[in-house]
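Let's take a walk through a protein model together. Have a look at the sequence and the 3D view first, and then we'll go through it piece by piece.

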Amino acid sequence: RAIVRDIDMLEEKNPSIKPKPTTEVDPTVFEKRFLKTIMELGKGHFGRVDLCRYDPRGDRTGELVAVKSLKPETCEEKSNNLSREIDILKALYHENIVKYKGICGQAIKLIMEFLPLGSLTEYLPKNKNKTSLSTLLSYSIQICEGMDYLGSRNYIHRDLAARNVLLENDHVVKIGDFGLTKSIKDNEGYYIVRDDDVSPVFWYAPECLTHCKFYLASDVWSFGVTMYEILTYCEKNPVSCFKEMIGKTQGQMVVLRLVQLLKDGKRLPRPEGCPEPVRMNYSLFSHHKHGFTSTRSLFFNHLSYRTY
Ligand code: ADP
Ligand code: MG
């Protein structure tokens, strides 16, 4: 008590030593002036993702972050989409989902953790030699874990594809790109999409193509297509593969032909090196009657029965 009184007296005599009240800072608000763009990581239809350094001290010791922003000419509707994506990602906490870090600026930007190895599409073709089948299957299970969590929060991803699965390191993957994600909380288990101008149709289940209806299970179909990509080390592209199957055609006809092809029971071929039991499970996914929980348990059963 006496010491405290002494300090108080000292402070009274020397106002300069009095501690200043610290202004509280929100660590999720990034200041634009400290955000330095290093390079572009990817470009989509409406936006782009850049690698930036957030460097408040200005000495290049600041952390690296991935920043998603819209192209300058984008309309209001699309900028609402990015705001929605931010609100969704902000509330997701899972080891297989990319981490939200914050926002920046008036023309809103989404700040995420930077994953230096990029997406499976970039990583797998370059790292074929060191990536075994069991690693590929482990990636697939991790995607199931992340999707399972997403579904438990009543979200449909709607853009599950190898290009949207990022690597934390050689062993851990994370789902990214929640740009098309929808909540089914207030709906009857599905979401009807109206603007489908840029849909990744070759990853879509029949009900999405015919009725624009998206269920949690529709993501399981996309997971099947994603597994095709993974098991081919992203060297085969579902787009060109399906296009080859439907033959030369354009515009709306592409979707109509695709629907017919799927109705006829045609599917992407078994990737080379994909064991028959995995293909069996994989074709079960493409019937997508199972949610992710059972998809994952199918996987676990399979893996415990035989280790690759
Ligand atoms: P879009 O909506 O334009 O598809 P994405 O979120 O999928 O945007 O990002 C586009 C690309 O940028 C990804 O395919 C990936 O290659 C790269 N990318 C995105 N987020 C990250 C990240 N956090 N770390 C590293 N690369 C990323
Ligand atoms: Mg993407």
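Which residues are the closest to ligand 1? They are Gly42, Gly44, Ala66, Leu115 and Asp177, out of 20 residues that surround ligand 1 (near here means a C-beta atom, placed from the backbone, within 6 Å). Keep in mind that this is a predicted model, where local features need pLDDT of at least 70, side-chain atom pairs count only at pLDDT 80 or more, and totals for chains, interfaces and linings use all residues. Residues are numbered from 1 along each chain as its sequence is written, while chains are lettered from A and ligands numbered from 1 in the order in which they are written.

Strands E2 (35-43), E3 (47-54), E4 (63-70) and E6 (109-113) each give at least two residues to the shell around ligand 1. Helices (H or I, at least four residues) and strands (E, at least two) are DSSP runs, numbered from the N terminus.

Now for some helices. Two packed helices are described by the angle between their axes and the distance between the axes. Helix H4 (residues 133-152) packs against helix H6 (residues 216-231) at about 160 degrees, with axes 11 Å apart (axes are lines fitted to C-alpha atoms over the stretch in contact, and angles run from 0 to 180 degrees between N-to-C directions). H4 and H6 are therefore roughly antiparallel, as angles over 145 degrees count as that.

Helix H7 (residues 238-246) and helix H8 (residues 252-263) pack at about 85 degrees, their axes 10 Å apart. That makes H7 roughly perpendicular to H8 (65 to 115 degrees). Phe242, Met245 and Ile246 of H7 touch Val254, Arg257, Leu258 and Leu261 of H8, where contact means C-beta atoms, placed from the backbone, within 7 Å.

Definitions and conventions: Angles under 35 degrees count as roughly parallel, over 145 as roughly antiparallel, 65 to 115 as roughly perpendicular and the rest as oblique. Two residues are in contact if their C-beta atoms, placed from the backbone, lie within 7 Å.
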